[in-house]
Amino acid sequence: QVQLVESGGGLVQAGASLRLSCAASGLTFSRYAMAWFRQAPGKEREFVAGTRWMTYYADSVKGRFTISRDNTENTVSLQMNSLKPEDTAVYYCAAKPGSTTKDRYDYNYWGQGTQVTVSS
């Protein structure tokens with residue numbers, strides 16, 4: 001049984017940093033692309049960052065967010081710097097076998113989500 005468990009969300013002021021982590025179990029981690037998506041109230045769930053062999057970012061977070069993975073610990077992290085109020089959303093960890101894509105419908109497994117709130 002695959003489980004993805006996120007942690008690290010919270011309430012911060014604009015300009016601050018947060019680090020999200022996702023612990024994966026029940027899968028051969030190195031064979032999976034791992035990604036972060038986010039969903040703000042009333043909006044579609046959108047791709048934020050993803051990695052397997054290479055890393056990919058949404059334009060809105062390039063230069064501010066960094067995704068990394070540890071294949072020995074089965075974890076993926078998202079370092080978020082220079083946070084803006086528009087980054088406020090529930091952030092989800094997701095996994096799919098094979099290469100990274102930006103389409104949420106390609107991802108088989110999802111975490112429960114962690115809330116990130118950035119105040120102005």
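Are Cys22 and Cys93 buried or exposed? In this predicted model, Cys22 is buried, and Cys93 is buried as well. The two residues are joined by a disulfide with an S to S distance of 2.1 Å, and a search of the whole structure finds one disulfide. Because Cys22 belongs to strand β3 and Cys93 to strand β9, this pair ties together parts that are 71 residues apart in sequence. The torsion about the S-S bond is about -75 degrees, so the disulfide is left-handed.

In soluble globular proteins, nonpolar side chains tend to be buried together. Here the largest nonpolar core comprises 29 residues, and those with the most contacts inside it are Met34, Trp36, Val48, Phe65, Leu78, Met80 and Tyr91. At least two residues of this core come from each of β3 (18-25), β4 (32-39), β5 (46-51), β7 (65-70), β8 (75-80), β9 (89-97) and β11 (114-119). A second, separate core has five residues, among them Ala35, Phe37, Phe47 and Tyr107. When residues up to four places away in sequence are not counted, Val48 touches Trp36, Phe37, Arg38, Tyr56, Tyr57, Ala58, Val61, Phe65, Leu78 and Tyr91.

Strands of a sheet pair through backbone hydrogen bonds, either parallel or antiparallel. In the model, four strands form an open sheet in the order β1-β3-β8-β7, with antiparallel pairing. Its edge strands are β1 (3-7) and β7, each of which pairs on one side only, and the twist from one strand to the next averages 15 degrees. The antiparallel strands β7 and β8 are joined by six bridges, and Ser68 has Ser77, in β8, as its bridge partner.

Most residues other than glycine have a negative phi, and most peptide bonds are trans. Against this background, two loop residues deserve mention. Asn74, placed in the loop between β7 and β8, has a positive phi, near 60 degrees, and its relative accessibility of 22% means that Asn74 counts as partly exposed. Ser82, found in the loop between β8 and β9, likewise has a positive phi, in this case near 50 degrees, and with a relative accessible area of 40% Ser82 is partly exposed.

Salt bridges form a further set of side-chain links, and a search of the whole structure finds five of them. Arg38, Glu46, Arg64 and Asp87 are linked in a network of salt bridges. Since Arg38 lies in strand β4 and Asp87 in the loop between β8 and β9, the latter pair ties together parts that are 49 residues apart in sequence. Arg38 and Asp87 are both buried, the relative accessibility of Arg38 being 6%, whereas Glu46, at 36%, counts as partly exposed.

A salt bridge is also formed between the side chains of Glu44 and Arg104, with an N to O distance of 2.5 Å. Because Glu44 lies in the loop between β4 and β5 and Arg104 in the loop between β9 and β10 (109-110), this pair ties together parts that are 60 residues apart in sequence. Glu44 is exposed, with a relative accessible area of 56%, while Arg104 is partly exposed, with a relative accessible area of 22%.

Technical notes. Residues numbered from 1 in each chain as written. Predicted model: local features only at pLDDT ≥ 70, side-chain atom pairs only at ≥ 80, totals over all residues. Heavy atoms only, no water. Core = buried A, V, L, I, M, F, W, Y, C linked by side-chain atoms within 4.5 Å. Buried < 20%, exposed > 50% of the residue type's maximum accessible area, 1.4 Å probe, protein only. Contact = heavy atoms within 4.5 Å. Pairing = 2+ DSSP bridges. Axes fitted to C-alpha atoms, helices over the stretch in contact; angles between N-to-C directions. Disulfide = S-S within 2.5 Å. Salt bridge = Lys/Arg side-chain N within 4 Å of Asp/Glu carboxyl O.
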